[in-house]
Amino acid sequence: KTHHNRVAGIQKLISENRFYYPFPALKAVAKSMAQVTQPVKEEDGTIRLEPLLIGISRDYTTWAEDPESLPTLGLKAVALLEGKSPKDYLSLPGVIGGSLVRLNYVGPRDVLAGSIKDADGELHEQWYTDHAIPRIPAKSVLRRTLSDADKKRIKDGIVFVGSTSLGAFDHFPSPFTGQEPGVMVHALLADNVLQSRYLTVASIWVTLGLIMAAVFGAFLLFRLTPLQSGLAFFFLLAAAFYGHYLLFLRLYIIELAAPLLGFVGTFLVLVVHRTVEENRKAAEVRGMFGQYVPPEVVDILVKNPERLRLGGEKRDMTIFFLDIAHFTTISEKMSPEALIQFLNRYLTALTDDIFDNNGVVDKYIGDCIMAFWNAPLDEKDHRRKACLAAVACVKTNERLNKEFLDPSMPETPTVRIGLNSGEVVVGNTGSARKLAYTVLGDDVNLASR
């Protein structure tokens with residue numbers, strides 16, 4: 001039972017703050033009392049949040065309602081100066097959790113006091129540190145050697161007495177210096193409250209709104225071209241940093257990391273997705289048309305995939321069929337290897353003639369070539385181009401016969417060509433696993449006859 005009581009007592013000490021008051025004689029003559037402890041520290045030891053009141057509980061959100069809470073030294077000094085109650089300041093805008101204020105530190109600056117000559121006559125600059133909150137040496141007060149400026153500054157003002165000698169004060173790192181006297185924290189709180197220049201931190205709802213706006217803005221950028229979206233991305237980043245800077249000058253802090261992470265992360269994900277999709281679409285277009293149209297046409301379709309309409313579409317087109325006469329007789333007298341070599345030589349040269357006139361090769365059916373004009377790209381002069389291709393194929397056949405014809409071949413290869421123009425349906429047909437870009441319709445059948 002004794003051990004249990006001891007453990008319970010330790011837990012109570014840990015879960016509650018304990019106030020230590022001055023010795024009775026000092027407490028009896030003091031006009032007022034305030035807390036000087038620093039219960040809220042950052043991980044690096046810096047005091048950035050200073051409470052207005054400190055309560056018994058370790059939860060700072062309950063300090064404002066705690067009847068046993070005491071004001072901190074800086075707030076109590078301001079309340080005495082202005083004749084108010086410390087709790088009157090809890091309703092100030094920007095107070096966090098009903099009790100905490102984010103301090104607005106002002107860094108010291110070095111000021112050139114003048115120059116003096118040493119024994120050798122050389123000039124040496126003399127500098128002194130100008131603190132945001134003036135520091136008056138205690139000896140000037142004790143020896144009654146205060147300057148008129150210091151007397152004016154002290155009269156009807158707030159004075160905090162504390163040690164600032166190195167090694168003789170409770171020091172805390174500030175955003176500007178690694179060793180700031182603890183008394184300056186109280187002076188800074190009084191200055192911030194008195195001058196209304198403490199920092200106001202945006203609420204969590206503002207941060208969530210900014211994150212949603214950042215993610216939505218990243219999506220909107222992708223309605224632009226890649227160049228425009230890239231320029232807009234860097235412009236918005238610069239605008240975010242500059243806006244954050246302007247708000248900070250007006251003592252307002254917004255959470256910038258989370259919205260920026262949402263904006264940059266969403267943008268990068270969309271960039272990767274766009275790149276993958278464009279590469280996939282380019283591969284599809286090249287796979288679909290690479291073997292059937294000239295390389296220049298494939299490049300146009302890859303750069304402008306919107307010009308390729310998937311599905312059926314009615315168009316006025318010219319259809320082209322070509323086969324080699326006497327092919328059956330020729331093939332019966334040739335070995336398979338020689339037949340393949342013969343067929344590849346002729347089909348390659350004839351296909352080049354079609355490509356040279358902007359035609360699209362639909363398919364090869366044995367010794368037959370099927371081609372068409374005016375799809376997937378518009379070809380205004382498609383009838384003339386098809387006729388020119390037919391004439392070129394006839395001439396190419398004659399040239400090939402002179403260069404490669406075997407005298408022992410029973411028949412001389414000649415080409416037969418069917419041409420027809422009319423309204424047909426063009427698009428992807430086939431199955432879910434394999435599609436073919438082809439043309440269908442009565443005018444196609446007529447061309448093949």
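A crossing of two helices is called right-handed if the near helix is turned clockwise from the far one by less than a right angle, and left-handed if anticlockwise. The model treated here is predicted.

**Exercise 1.** Characterise the packing of α12 against α13.

*Solution.* 
1. Helix α12 spans residues 336-356 and helix α13 spans residues 382-404; their axes come within 9 Å and cross at roughly 150 degrees.
2. Angles over 145 degrees count as roughly antiparallel, so α12 is roughly antiparallel to α13.
3. The crossing of α12 and α13 is right-handed.
4. On the α12 side, the contact is made by R345, Y346, A349, L350, D353 and I354.

**Exercise 2.** Describe the largest pocket and its lining.

*Solution.* 
1. The volume of the largest pocket is about 840 Å³.
2. Its lining has 25 residues, and I133, P134, I158, V159 and F160 lie nearest the centre.
3. Two or more lining residues come from each of α4 (138-142), α5 (148-154) and α6 (182-195); α6 gives the most, with seven.
4. By class, 17 lining residues of the largest pocket are nonpolar, five polar and three charged.

**Exercise 3.** Which element gives the largest share of the lining of the second largest pocket?

*Solution.* 
1. The second largest pocket, with a volume of about 510 Å³, is lined by 23 residues.
2. The elements giving two or more residues to this lining are α3 (73-82) and α6.
3. The largest share, five residues, comes from α3.

Conventions
Residues are numbered from 1 along each chain as its sequence is written. This is a predicted model: local features need pLDDT of at least 70, side-chain atom pairs count only at pLDDT 80 or more; totals for chains, interfaces and linings use all residues. Side-chain values use heavy atoms; hydrogens and water are left out. Axes are lines fitted to C-alpha atoms, for helices over the stretch in contact, and angles run from 0 to 180 degrees between N-to-C directions. Helices (H or I, at least four residues) and strands (E, at least two) are DSSP runs, numbered from the N terminus. Angles under 35 degrees count as roughly parallel, over 145 as roughly antiparallel, 65 to 115 as roughly perpendicular and the rest as oblique. Contact means heavy atoms within 4.5 Å. On a 1 Å grid over the protein atoms alone, a cavity is a set of points where a 1.4 Å probe fits but cannot get out, and a pocket is an open set with protein on both sides within 12 Å along at least five of seven lines; lining residues have an atom within 4 Å of a point. Grid points are joined across faces, edges and corners, and a volume is the space filled by probe spheres set on the points. Ala, Val, Leu, Ile, Met, Phe, Trp, Tyr, Cys and Pro count as nonpolar, Asp, Glu, Lys and Arg as charged, and the others, Gly among them, as polar.
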